[in-house]
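Work through the exercises below with the sequence and the model open side by side. Try each task before reading its solution.

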Amino acid sequence: MAQKAFASSADLDDKQQTLDVLADGVYALTAEGDPNVGAVEGEDFLVCFEALATPVAARAWLDRLREHTDKPVKYLVLSHYHAVRVLGASAFDAQVVVAHDNTRALIAERGQQDWQSEYARMPRLFKEPDSIPGLTWPDATFSDRFAIDLGGDRGELVLQYCGRGHTDGDVVAWLPRRKILFAGDLVESRAALYTGDAFHREWATSTLDRVAAFGAETLVGGRGAVARGQDAVAAAIGQTRHFLRVMLREVGAVHERGGTLKEAFEAARAALVDRYGGWPIFEHCLPFDVSRLWDELSGVERPVIWTVQRDREVWARLQD
Ligand SMILES: [Zn+2]
């Protein structure tokens, strides 16, 4: 069998970006499985959700957004610490960069390694990597809930922590008046899950329960198309939960019987590939996903830091 190219390093074709106006003053940019971003208009300011991988990549999004509004960016919300979601932050000139307390701690602890790791895994997303001025530091952090008054009769945008999931610092942005949820990487819509820094058991249960409890009618996930309507929202959450449950079942069974990580990888892949094998980043993510779940089942509480070297070792062990 031909050797598989490392992670997404051979995925060099630009993806089509689509700007959706979800409601008056509510925007999402999706890109065929590349990371999504969003924006919500306040009375005289903007809240942007997620920052893309570099300032140059972010500027292309802001140029699209500027066709609709010229309001200044007051808040830039980081859904979690991953490099492809945060390193474009400087392009926004935001007054306040907001994130969860744990996201700030993770950036301090492992932001540098994560930057190098993600750059090697997904080089195409790092448009003009030299435009990144350094790590992104939140100005304001919170532990549970952070409400932004949008002014006028626009209501609030609520940033909410739903428990540990894709990382231990994911937040979602909820617009109650429109029933629109920006879910970050806690929910993917027809894209594979990256769980290399995850807490699978909580994510698959209490955390997704809390995400579902918003009763969103429109959901923007971390990757993939916008889910429109309650059925599509339920399907996106359901897919995310199913992916996690299959991993827990398959990797759990091999772990339980004293098998090897490689056997767990093969079992998980076999159980997932028919349904998810054609979705973006499936082969890229799976070795890292299974490796983290194996650790989690072995009692490793916090995800081990991914480095360029560790990425290559795990890839060689499982995917080559
Ligand atoms: Zn992520």
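The model is predicted.

**Exercise 1. Helix α4**

Task: Find where α4 bends and by how much.

Solution. 
- Step 1. The bend is at Thr207 and amounts to about 35°.
- Step 2. Look at what comes after the helix. Gly215 follows α4 and has a positive phi, near 70°.

**Exercise 2. The buried side of α4**

Task: List the buried residues of α4.

Solution. 
- Step 1. His200, Trp203, Ala204, Thr207, Leu208 and Val211 are the buried residues of α4. Thr207, the site of the bend, is on this list.
- Step 2. The cover over these residues includes β11 (180-184), α5 (230-256) and α7 (282-297).

**Exercise 3. Cysteines**

Task: State how many disulfides the structure holds. Then decide whether Cys48 and Cys285 are buried or exposed.

Solution. 
- Step 1. A disulfide is a covalent bond between the sulfur atoms of two cysteines. The structure holds zero disulfides.
- Step 2. Buried means under 20% relative accessible area. Cys48 has 0%, so Cys48 is buried.
- Step 3. Cys285 is at 1% relative accessibility and therefore also counts as buried.

**Exercise 4. Aromatic pairs**

Task: How many aromatic pairs does the whole structure contain? Describe the geometry of Phe6 with Trp315, then of Phe45 with Tyr75.

Solution. 
- Step 1. The search finds 13 aromatic pairs.
- Step 2. Phe6 and Trp315 pair edge-to-face, with 5.5 Å between centres and 75° between planes. This pair links distant parts of the chain, 309 residues apart: Phe6 is in the segment before β1 (18-23), and Trp315 is in helix α8 (residues 308-318). Both Phe6 and Trp315 are buried.
- Step 3. Phe45 and Tyr75 are also an edge-to-face pair, at 6.1 Å centre to centre and 70° between the planes. They too link distant parts of the chain, 30 residues apart. Phe45 is in the loop between β3 (34-41) and β4 (46-49), while Tyr75 is in strand β5 (residues 73-77).
- Step 4. Apply the burial cut-off of under 20%. Phe45, at 7%, counts as buried. So does Tyr75, at 13%.

**Exercise 5. Around Trp315**

Task: Name the aromatic cluster that includes Trp315. Then find the rings that Arg121 lies over.

Solution. 
- Step 1. The cluster is made of Phe6, Phe288, Trp306 and Trp315.
- Step 2. Arg121 places its charged end over the ring of Phe288, 3.7 Å from the ring centre. Arg121 also lies over the face of Trp306, at 5.2 Å from that ring centre.
- Step 3. Trp315 is buried, with a relative accessible area of 4%. Beyond its neighbours within four places in sequence, its contacts include Lys4, Phe6, Glu283, Pro287 and Phe288.

**Exercise 6. Positive phi**

Task: Where do Glu50 and Arg190 lie, and is each buried or exposed?

Solution. 
- Step 1. Glu50 is not a glycine, yet its phi is positive, about 80°. Glu50 lies in the loop between β4 and α1 (55-65). Its relative accessible area is 1%, so Glu50 is buried.
- Step 2. Arg190 has a positive phi near 60°. Arg190 lies in the loop between β11 and α4. At 57% relative accessible area, Arg190 is exposed.

Note on methods
Residues numbered from 1 in each chain as written. Predicted model: local features only at pLDDT ≥ 70, side-chain atom pairs only at ≥ 80, totals over all residues. Heavy atoms only, no water. Bend = angle between axes of the 7 residues up to and from the residue. Helix = DSSP H or I, 4+ residues; strand = E, 2+ residues; numbered from the N terminus. Buried < 20%, exposed > 50% of the residue type's maximum accessible area, 1.4 Å probe, protein only. Contact = heavy atoms within 4.5 Å. Disulfide = S-S within 2.5 Å. Phe/Tyr/Trp six-rings, centres within 6.5 Å; stacked < 30°, edge-to-face > 60°. Lys NZ or Arg CZ within 6 Å of the ring centre and 35° of its normal.
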